[in-house]
Amino acid sequence: MSDTLSFAWAEAWIRDAQAVLAEHRMELIDLDRAIGDGDHGENMDRGFKAVVAKLDEGGIADVQGVLKVVASTLMSKVGGAAGPLYGTAFLRAAKACDGDVDSSGVVALIEGALDGIVSRGKATTGEKTMVDAWTPALEAAKAAAEGGATPAATLRAAADAAAKGAEATIPLQATKGRASYLGERSIGHQDPGATSTAYILGAAADAAEA
Ligand code: ADP
Ligand code: MG
């Protein structure tokens with residue numbers, strides 16, 4: 001396993017993410033039906049398919065280029081809250097990458113994504129949003145990288161923490177986004193955006209381990 005992640009990883013990550021989001025499209029739709037308007041699975045599936053179509057055109061040669069194309073495509077093709085939020089996340093993640101990515105680069109990438117989401121959506125932890133997956137992901141990535149983990153192991157730690165964070169949104173009451181309109185009735189359901197975050201970071205770890 002290499003100590004840096006290159007363009008091949010970034011491209012594999014996004015292609016894996018597209019496949020995983022397509023596979024879980026109905027699950028994300030059902031989660032969003034429970035506490036939102038039911039479009040999250042469709043939004044993410046359509047958005048990542050459009051991203052992969054852009055990657056198929058070729059002409060991108062580095063990690064930053066891949067993340068920038070994800071950002072611009074999600075921003076323009078995905079409506080609702082998630083498009084601009086993920087678009088900003090990938091744009092900030094791209095800005096944090098210069099060349100190949102080592103373990104501290106993985107931390108910087110995730111930190112950039114989280115900062116982007118927070119600056120755009122103004123949510124903090126505990127509000128039942130994707131912030132509740134990205135925040136523990138960043139903490140776990142930092143701890144792993146500081147402990148000398150490889151980039152792949154750093155991403156795996158982040159992905160596992162994101163999945164736990166997504167699950168931990170179930171008992172929370174939403175106070176941001178569409179789900180907040182439900183008040184107490186948002187309790188008892190897993191947040192769709194936190195769930196898609198766990199899938200996206202899981203794909204990043206899978207691609208790094210391959
Ligand atoms: P919409 O809510 O417009 O239908 P989506 O269904 O695609 O958009 O995305 C909903 C997800 O967006 C939620 O599950 C939540 O994770 C995330 N979200 C909504 N508002 C915010 C916010 N202010 N900050 C962070 N994430 C948010
Ligand atoms: Mg929705």
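Helix 6 (residues 103-121) packs against helix 8 (residues 151-167) at an angle of about 35°, and their axes lie 8 Å apart. Helices here are DSSP runs of H or I with at least four residues, numbered from the N terminus. Axes are lines fitted to C-alpha atoms over the stretch in contact, with angles running from 0 to 180 degrees between N-to-C directions. This is a predicted model, in which local features need pLDDT of at least 70 and side-chain atom pairs count only at pLDDT 80 or more, while totals for chains, interfaces and linings use all residues. Residues are numbered from 1 along each chain as written, chains are lettered from A and ligands numbered from 1 in the order of writing, and side-chain values use heavy atoms, without hydrogens and water.

The crossing of helix 6 and helix 8 is right-handed; a crossing has this hand if the near helix is turned clockwise from the far one by less than a right angle, and is left-handed if anticlockwise. On the helix 6 side, Ser103, Val106, Val107 and Ile110 meet Pro151, Thr154, Leu155 and Ala158 of helix 8, where contact means heavy atoms within 4.5 Å. These residues comprise 6 nonpolar, 2 polar and no charged. Nonpolar covers Ala, Val, Leu, Ile, Met, Phe, Trp, Tyr, Cys and Pro, charged covers Asp, Glu, Lys and Arg, and the others, Gly among them, count as polar.

The crossing of helix 1 and helix 3 is left-handed. Their axes come within 9 Å and cross at roughly 145°.

The whole structure holds 3 aromatic pairs, a pair being rings of Phe, Tyr or Trp (its six-membered ring) with centres within 6.5 Å; planes under 30 degrees apart are stacked, over 60 edge-to-face and the rest tilted. Trp13 and Phe90 make a tilted pair, 5.7 Å centre to centre with 40° between the planes. Trp13 belongs to helix 1 (residues 7-23) and Phe90 to helix 5 (residues 82-95), so this pair ties together parts 77 residues apart in sequence. Trp13 is buried at 2% relative accessibility, and Phe90 is likewise buried at 2%. Buried means under 20% relative accessible area, exposed over 50% and partly exposed in between, with a 1.4 Å probe and protein chains only.

Phe90 also pairs with Phe48, edge-to-face, at 6.4 Å centre to centre and 70° between the planes. Phe48 lies in helix 3 (residues 40-56), so the pair with Phe90 of helix 5 joins parts 42 residues apart in sequence. Phe48 is buried too. Trp9, Trp13, Phe48 and Phe90 form one aromatic cluster.

The magnesium ion (ligand 2) has Asp32 (OD), Asp37 (OD) and Asp39 (OD) as protein donors, at 2.0 to 2.2 Å. Donors are N, O and S atoms within 2.8 Å of the metal (3.2 Å for Na, K and Ca); water is not among the atoms, so sites may look incomplete. The donor residues follow the spacing D-x4-D-x1-D. Asp37 is partly exposed at 39% relative accessible area, and Asp39 is partly exposed at 25%.

Lys122 is exposed, with a relative accessible area of 57%, whereas Lys128 is buried at 1%.

Key: Helices (H or I, at least four residues) and strands (E, at least two) are DSSP runs, numbered from the N terminus.
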